[in-house]
Amino acid sequence: YQRRVHGTLSECLFFFGMTRSVLLLSALFSFGLATDVLNGAGHFKGTSTGLPQPWWGYAQTGWYVASVQDDVLNIDVTAKGSDYSSIGVGIDVQLQSGQPYTLTFTGSSTPVTKLYVKVGQKNAPYAGMYETAAILSSMMNTTTGSFIVPSNLACNPTCSLVFFFGAIVGTYRLQDVTLDGVAAPTDWKLVWSDEFDGNSVNLSNWYFQWESASNGQEQCYVNSSAQPTTMQVSDGTLKIHADKVSPTYCPAWKADRSYTSARLVTKNRYEFQYGRVEVRLRMATPYKKGLWPAFWMLGSQINEPPYSDPDENITWPLPGAGEIDMWEWSSNWTYAQSNQVCDANKDAGGYYAPWGGGPQTTMKAPAPGPPGVWDVIALEWDDTYLRYFQNNRSVAVVSIADCPCYKGPMFMVMDLAVGGDLAAPVNPTMTWPQTLEFDYVRHFVQAA
């Protein structure tokens, strides 16, 4: 994601064709596909009266009537409760401490109202370890969110997932409720994550790299004082807002810029060598041509701030400052791409070239979904291979056995660029701000 180099592949190999089917089987065993811990109980079938088993309900105050009609669970609140949690419909679930889960449900209501959802201790879910809220209207809309079960969870292994009604008299409708546990089977252990709880960026994890100016981009990256306008943490997600502004002097460019955005790095906060990195992200706003979002990694010795060691003086892409683009997309492309850039070629004197001449591999993956649709991007990295995944499907495997730039610690980067060498000119009818949203970032290592 620094300067782009195009060359032939020499020592880093990219496998196509028949290997892809083998890779998919490998992905199934190495990480596993999503498994719904509700075992399909959130897919309501047919027409019936009352709550279907194993769902249960309660009403501290107020009154409701439940039924299933045409594969949709209907909750008719005929007398509202004293507060939002006075009427609930829930199901018991088995959860594992320290493991991540993703909740998804589709719902609507008449009239428009807010639905509260919590996962917590059985029989006392209002003290939830995870909670979210969704504004429901007459149209069916899908809500999704992720959480990690605390290691000291009191309700382990049995918890309750509860939908709270009761604040407004009306009809609530639910369908396709799933609680997926996908991320860490027995061979992977979660060692670091940012779930973006709270109301600000965790500066122990991330540095605002406002000094970055490259690739002919048009934005000015901001520092942490720009929260919560350009960078926002709310409702369990992190949002990078790129916005159009009056031309303003940008220190990094030493010139005026007409757009602001943010670039966050874990350099000297969290760096690691090998493991599985997983990120859940989406473009949250309707977009047009001219955006360049990415989530990627760089070698920790690169000469970019923040600095903590005099050895951080290696230019891109020398060994130790290689690049792995887990997910990169320009809004004028019909595909997303994953890359790795490493100069594995030496000149006649035995020195690695400062740039150029080395292999760059580009793997085309399906383009991101429409605005608002989440994608899960993952990379498994060891001393021999890079394995790329999108939504639990293998994208590619790349040999890095002879690529020295991937044999040391790296850090993570997330940004939303405007314009630039790989992006189309900014569409003048684009609406602003544009938002790149992250649900979580996680790092796993092989379990002992």
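Reply: Start with one term: buried means under 20% relative accessible area, exposed means over 50%, and partly exposed is in between, using a 1.4 Å probe and protein chains only. By that rule, 54% of the 448 residues of the protein chain count as buried.

Me: What sort of model is this, and how are residues numbered?
Reply: The model is predicted: local features need pLDDT of at least 70, side-chain atom pairs count only at pLDDT 80 or more, and totals for chains, interfaces and linings use all residues. Residues are numbered from 1 along each chain as its sequence is written, and side-chain values use heavy atoms, with hydrogens and water left out.

Me: How many helices and strands are there?
Reply: The protein chain has one helix and 29 strands. These are DSSP runs, numbered from the N terminus: helices (H or I) have at least four residues, strands (E) at least two.

Me: Which residues touch the most others in the largest nonpolar core?
Reply: They are Leu 238, Phe 295, Met 297, Met 414 and Phe 438, in a core of 50 residues. A nonpolar core is a set of buried Ala, Val, Leu, Ile, Met, Phe, Trp, Tyr and Cys residues joined through side-chain atoms within 4.5 Å. Strand E28 (residues 410-418) gives the largest share of this core, five residues.

Me: Why would such side chains gather?
Reply: In soluble globular proteins, nonpolar side chains tend to be buried together.

Me: What is Leu 238 in contact with?
Reply: Contact means heavy atoms within 4.5 Å. Leaving aside neighbours within four places in sequence, the contacts of Leu 238 include Phe 196, Val 233, Met 414 and Phe 438.

Me: New topic. Where does Ser 200 sit?
Reply: Ser 200 is in the loop between strand E13 (188-194) and strand E14 (207-208). Ser 200 counts as partly exposed because its relative accessibility is 38%. Not counting residues up to four places away in sequence, Ser 200 touches Gln 227 and Val 233.

Me: How far apart are Ser 200 and Val 233?
Reply: They are 33 residues apart in sequence, but 5.0 Å apart in space, C-alpha to C-alpha.

Me: And Glu 380: buried or exposed?
Reply: Glu 380 counts as buried, because its relative accessibility is 4%. Its place is in strand E25 (residues 375-381).

Me: What does the Glu 380 side chain make a polar contact with?
Reply: The partner is the side chain of Arg 276, at 2.8 Å. A polar contact is a pair of N or O atoms within 3.5 Å; within protein, one must be able to donate a hydrogen and the other to accept it, and residues adjacent in sequence count only if both atoms are side-chain atoms.
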